[in-house]
Amino acid sequence: MQFNVVNGREFGWPLVRFLKELPNDYIGTMSKVQARHGDLIHWRLFGGLLNFAFISDGAANRELFVRNTEALGKSPSQIQTFIYAAGQSVATAHGGDWRRKRKEANILFSRNVVEASCSGQVDVTRNYVAGLGAAPQDAITIARRMAALTSSRGILGRAISLGEADTQIAFSQAAADRFNAESAQLFARPNWMLAPWRRELTRRKSDVFPIVQSAIDDLRDTDVPNDGLMNHYVKGDFITSNDDEVLAILVGLLMGAQDNIAAATAWVLAFLAHHPHLQDEIRTEVADIGSEAQDFHNCALLKATISEVLRLRPPAPANQPRVLRKEVNIAGHRLPKGTYIFNSFYNMHHNPAVFTRPEIFAPTRFLDGTLERSTSFAPFGHGPRNCVAQGMAMQQLMAIVVGTLRGHEVITQQKTLPEIEQKPLLVPSPFKVVVRKRGL
Ligand code: HEM
């Protein structure tokens, strides 16, 4: 595999048009770049003064993100939104600080801590679908609420009300809107134009912080056991943080979880609705087991279905854009300091040499566990800055599917799967489902 070096105009896009198109249609633009120039591209502009690398090859991506983590700076304009919305946390740490923060987060997200809240996540999902009724409803709203309810259950260790879930959703939405505006501003929008997005996010922050603060206060004031991640910050002694930091970390995690899990859940609902037999097979697989995380360990089809959805529709279609802080050699090619790195999990996940007939939805391709370990499968990213919560995310999605399918079935009247929208995560275009009690 070799880098294809393209100079200036040979690339095919004028710079300004390209920089405007990329944030609006990341996967479309990256697919066009790949189709025109291959999987590894180094675009040199102005005689090498400005450099871009586009990487759609799994092995090269892993090499870059695993071996050269220290050389990869996160794009400051985008980190800005996270810092503003939640505060300093693992997602925003860089420089000398990220390894320490990440180490703490890795302990927090260890298997035994994460798994403790699994059955609670199944329960909140079941309770929610039980109240949905028999009329067709907007699947995106259902998915967002499922994400908010299960994330809060896992992180705060307690069930929240639908009103609190909607507050959390509005907060994450305001953060995503500001993130989009901020990204566009990198190329086009003057700073003062961001004011409306800033104001909205400030308003939403003032709604969501008190919910998390009150969960912390309650935990301190009572002896009721709490199986959420929060317990380990508030009552544990293996992580030292001050109160403001704990609050920032918890809000940051809720925000990090919300949009990704909501996008994944919406796609899961879409694929399940279009594959009723698959629903039956998963139901059979989970019929005689409990709701603890260990009970799901051997549910191969359940896990394979989620992996296949994440392959075809990775909620995060790429790593956050990175800038090289120093020169790196990758796949035998030198990329200079200052190179902007863009990669594409979406392209990797559609590589026909790895995934036979990549456009087809076929969960069974993941059954033997081989593809899961492929460098070309990376819905949670590569390397030590990948998704710190991927174990939790998989568990949460399994809990959502089990909590839904045990007593209900997902039905749609729509003939085709929804289209892909980028906001900036990949979400389905609006569609309706009925989550109907079985036997009706
Ligand atoms: C299906 C669900 C999810 C997907 C597809 C996903 C995807 C990702 C990806 C691709 C990254 C790496 C970004 C980069 O390197 O630029 C990431 C990072 C991160 N994710 Fe997730 N994520 C999901 C769920 C979650 C959940 C549930 C949480 C929290 C409970 C979470 C918290 C984080 C954090 C804190 C980081 C930053 C890690 C660091 O900077 O070291 N994610 N996620």
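At what angle do the axes of helix H13 and helix H15 cross? They cross at roughly 140° and come within 8 Å. The details follow below.

## About the model

This is a predicted model, in which local features need pLDDT of at least 70, side-chain atom pairs count only at pLDDT 80 or more, and totals for chains, interfaces and linings use all residues. Residues are numbered from 1 along each chain as its sequence is written, and side-chain values use heavy atoms, with hydrogens and water left out.

Helices (H or I, at least four residues) and strands (E, at least two) are DSSP runs, numbered from the N terminus.

## Two helix pairs

Helix H13 covers residues 276-286, and helix H15 covers residues 300-312. Their axes are lines fitted to C-alpha atoms, for helices over the stretch in contact, and angles run from 0 to 180 degrees between N-to-C directions. H13 and H15 are therefore oblique to each other. Angles under 35 degrees count as roughly parallel, over 145 as roughly antiparallel, 65 to 115 as roughly perpendicular and the rest as oblique. On the H13 side, the contact (heavy atoms within 4.5 Å) is made by Leu 278, Glu 281, Ile 282, Glu 285 and Val 286. H15 brings Ala 300, Leu 301, Leu 302 and Thr 305. By class, this contact has 6 nonpolar, 1 polar and 2 charged residues. Here Ala, Val, Leu, Ile, Met, Phe, Trp, Tyr, Cys and Pro count as nonpolar, Asp, Glu, Lys and Arg as charged, and the others, Gly among them, as polar.

Helix H1 (residues 15-24) packs against helix H2 (residues 26-37). The angle is about 125°, and the axes are 5 Å apart. That makes H1 oblique to H2. Phe 18, Glu 21, Leu 22 and Asn 24 of H1 meet Tyr 26, Thr 29, Lys 32 and Val 33 of H2. The residues of this contact divide into 4 nonpolar, 2 polar and 2 charged.

## The sheet of six strands

Strands of a sheet pair through backbone hydrogen bonds, either parallel or antiparallel. Two strands pair if DSSP finds at least two bridges between them. In this model, 6 strands form an open sheet in the order S1-S2-S3-S9-S6-S4, with mixed pairing. The edge strands are S1 (4-7) and S4 (72-74), and each pairs on one side only. On average, neighbouring strands are turned by 30° against each other, direction ignored. H1 packs on this sheet and touches S2, S3 and S9. The direction of H1 makes about 45° with that of S3.

Now the pairs. S1 runs parallel to S2 (residues 40-45), joined by 4 bridges. Asn 7 stands opposite Arg 44 in S2. S3 (residues 50-55) and S9 (residues 340-343) also run parallel, with 4 bridges. Which residue of S9 stands opposite Ala 53? The answer is Ile 341. S6 (residues 322-324) runs antiparallel to S9, over 2 bridges. Ile 341 is the bridge partner of Arg 322 there.

## The sheet of three strands

Another open sheet has 3 strands in the order S5-S13-S10, and the pairing is antiparallel. Its edge strands are S5 (137-138) and S10 (408-411), each pairing on one side only.

S10 and S13 (residues 432-437) are joined by 4 bridges. Ile 411 stands opposite Val 434, and Val 410 stands opposite Val 435. S5 pairs with S13 over 2 bridges. In that pairing, Asp 138 has Lys 432 as its bridge partner.

## Around the ligand

How many residues surround the ligand? There are 27, and the closest are Asn 319, Gln 320, Arg 322, Arg 385 and Cys 387. A residue is near a molecule or strand if one of its heavy atoms lies within 4 Å of it. The shell divides into 17 nonpolar, 6 polar and 4 charged residues. Helix H12 (243-273) and helix H17 (390-405) each supply at least two residues of this shell. H12 gives the most, with 5 residues.

For Asn 319, the distance from a polar side-chain atom to an oxygen atom of the ligand is 2.6 Å. For Arg 385 it is 2.8 Å. For Arg 102 it is 2.9 Å.

Key
A polar contact is a pair of N or O atoms within 3.5 Å; within protein, one must be able to donate a hydrogen and the other to accept it, and residues adjacent in sequence count only if both atoms are side-chain atoms.
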